[in-house]
Amino acid sequence: PTEYGNALGGVMDMRFRPGNNQQTEFTGQVGLIGIDAAVEGPFGPNSQSSYLVNARYSTLGILSAMGVDLGDEVINFADLSFNLNFPFSNGGELTLFGVMGNSTNVFEAERDSSLWESEKDNQDITFSSSTIISGATLSLPVGKKSNWRTVFAYSSLQTERTAEVLDANFQLQPRDLATNDQVKASLHTTFTHQLSAGQQLRAGAVMTQQAYNIY
């Protein structure tokens, strides 16, 4: 279907659930991968609108900052996601959502050449990535059997990989620098009419603008 970008292979459709609009709740957990905290609740005492916010931070990043030796590679990440839900009295709904995250992966070469086993082992390599996804959905009933839904989404991805190689004197020399910047904005609008219990009519439009900068 066009709302999934005319994909020929597979589609993964992920949607945020609305937050609890009855009471405020907090959730926290700690694991080997990361530390996670979430909060959700209504915007006011008698509000049907709700918010849901979740944040994570790398456990390995915290251990590395404390001086714990994690081997040759240090991995660190952090992300934040949110979903704001505003239902209307007529059955419509406005949703604002977003996901932001960044990560780094740092590999340091051993300064003893006898320990090198592959080409990578004589290089200092740093990889960093930053992602932003945000958007809004608006769903409005049109009569008793029709619905009009519009989705706007903006996403950006920035990655950078640098590599420096140790020479015969164990001095670092520049080797590689690769960056990848992508930006995409999409607007999907769809009108749906229920003809009968087993028949449905759908019509809409999709507009997308995408830009790449790879070097």
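Where is the place of Leu201? I found Leu201 in strand S9, which covers residues 200–214. A reminder to myself before going on: this is a predicted model.

**Entry: Leu201**

I checked the cover on Leu201 next. Its relative accessibility comes out at 46%, so I put it down as partly exposed. For contacts, I skipped everything within four places in sequence; what remains for Leu201 is Phe191, Thr192, His193 and Leu195. I also took the C-alpha distance from Leu201 to Phe191: 8.2 Å, for two residues 10 apart along the chain.

**Entry: salt bridges**

How many salt bridges does a search of the whole structure find? I get four.

I started with Arg17 and Glu40, whose side chains meet in a salt bridge at 2.8 Å, N to O. This pair links distant parts of the chain, 23 residues apart: Arg17 sits in the segment before strand S1 (25–30), and Glu40 belongs to strand S2 (residues 34–42). Buried or exposed, I wondered, for Glu40? Glu40 is buried, because its relative accessible area is 8% and the cut-off for buried is under 20%. Arg17 has a relative accessible area of 46%, so I list it as partly exposed.

Next I looked at Arg56, which forms a salt bridge with Asp79; the closest N and O atoms are 2.7 Å apart. Arg56, at 36% relative accessibility, is partly exposed.

Then I turned to Asp176 and Arg175, where the side chains meet at 3.6 Å, N to O. Which residues do salt bridges with shared partners join into one network? I noted Arg161, Arg175 and Asp176. Asp176 is partly exposed with a relative accessible area of 36%, and Arg175 is partly exposed as well, with 40%.

**Entry: Thr179**

I moved along to Thr179, which is in strand S8 (residues 172–194). Why does Thr179 count as buried? Because its relative accessibility is 8%, and buried means under 20%. With neighbours within four places in sequence set aside, I find Thr179 in contact with Thr159, Glu160, Asn213, Ile214 and Tyr215.

**Entry: Thr131**

Leaving out neighbours within four places, the contacts of Thr131 are Val99, Met100, Gly101, Ser156 and Leu157. I also took a C-alpha to C-alpha distance from Thr131 to Phe16: 18 Å in space, 115 residues apart in sequence.

**Entry: surface patches**

Which residues gather in a patch of negative charge on the surface? My list reads Asp72, Glu108, Glu110 and Asp112. I placed Asp112 in the loop between strand S5 (93–107) and strand S6 (123–142). Asp112 is partly exposed, at a relative accessible area of 37%.

There is a nonpolar patch on the surface as well, formed by Val30, Ile35, Tyr57, Ile62, Met66 and Val68. Together these residues have about 540 Å² of accessible area. I looked up Tyr57 from this set: Tyr57 lies in strand S3 and is partly exposed, with a relative accessible area of 35%.

**Entry: Phe170**

Last stop was Phe170, in the loop between strand S7 (146–166) and S8. What does Phe170 touch, not counting residues up to four places away in sequence? I wrote down Arg111, Asp112, Ser113 and Trp116. That brings me back to Asp112, which I had in the negative patch. Phe170 is partly exposed, with a relative accessible area of 33%. From Phe170 to Asn122 I get 8.9 Å, C-alpha to C-alpha, for residues 48 apart in sequence.

Technical notes
Residues numbered from 1 in each chain as written. Predicted model: local features only at pLDDT ≥ 70, side-chain atom pairs only at ≥ 80, totals over all residues. Heavy atoms only, no water. Patch = residues over 30% accessible without salt bridge, like charges linked within 9 Å, V, L, I, M, F, W, Y side chains within 5 Å. Areas by Shrake-Rupley, 256 points an atom, 1.4 Å probe, with all protein chains shown as cover. Lys, Arg positive; Asp, Glu negative; His and termini not counted. Charge placed at Lys NZ, Arg CZ, Asp CG, Glu CD. Helix = DSSP H or I, 4+ residues; strand = E, 2+ residues; numbered from the N terminus. Buried < 20%, exposed > 50% of the residue type's maximum accessible area, 1.4 Å probe, protein only. Contact = heavy atoms within 4.5 Å.
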